[in-house]
Amino acid sequence: MTKQIEDIEHLEAYLTDKYDVFVTFAVGEINACSEIDKIITINSRQHPENRLYSLLHEAGHIILHEDYEYTKLFPKIIYQPFKRRVSQISAVDVVRNEVLAWEVGHELAHCLGIDINESKWNNMRKKCLYEYCKWAAGEK
């Protein structure tokens, strides 16, 4: 078993124990989080390291929802934003939420003793955030 697989299992157990979150891995799933339903889905076709980073990011969403004043942080947030047109204010809150979820996920890795390759983490974060920025600007 690789270190990343062990870290994924550790992180999954932490999320289940502390937040009562159900994590599922499946081929063709999108990396996503339903904070209200407490479900995280991860695409299992990703390399284990990317799966770990995706799970950390989605865990960041859960932590923001459970441990912070979510509606004060993101007063205009909407769920499933890609399925409809949204206001600029809502788009900004979605992007802010994505940025903070990456930051909280990174902090969680540190707290749980999960090693992160900073260069790979940063590249994955930038790529994902860029897609949200394009969407918010109406390019997607």
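Before we start, a word on pairing: two strands count as paired if DSSP finds at least two bridges between them. Keep in mind, too, that this is a predicted model.

With that in hand, look at the sheet. It is an open one, built from 3 strands in the order β1-β3-β2, and its pairing is mixed. At the edges you will find β1 (22-26) and β2 (32-34), each of which pairs on one side only. From one strand to the next, the twist averages 15°.

Now zoom in on one of these pairings. Strand β3, residues 39-43, runs parallel to β1, and the two are joined over 5 bridges. In general, strands of a sheet pair through backbone hydrogen bonds, in either a parallel or an antiparallel sense.

Next, bring helix α2 into view. This helix, residues 48-67, lies across β1, β2 and β3, and its direction makes an angle of about 160° with β3.

Finally, let's turn to the cysteines. How many disulfides does the model hold? With a disulfide taken as a pair of cysteine sulfur atoms within 2.5 Å, the count is 0. C111 is in no disulfide, and the nearest cysteine sulfur, that of C33, is 18 Å away. C111 is also exposed, with a relative accessible area of 59%. As for C128, its closest cysteine sulfur is in C133, and because the two sulfurs are 11 Å apart, they are too far for a bond. C128 is partly exposed, at a relative accessible area of 30%.

How values were computed:
Residues are numbered from 1 along each chain as its sequence is written. This is a predicted model: local features need pLDDT of at least 70, side-chain atom pairs count only at pLDDT 80 or more; totals for chains, interfaces and linings use all residues. Side-chain values use heavy atoms; hydrogens and water are left out. Helices (H or I, at least four residues) and strands (E, at least two) are DSSP runs, numbered from the N terminus. Axes are lines fitted to C-alpha atoms, for helices over the stretch in contact, and angles run from 0 to 180 degrees between N-to-C directions. Contact means heavy atoms within 4.5 Å. Buried means under 20% relative accessible area, exposed over 50%, partly exposed in between (1.4 Å probe, protein chains only).
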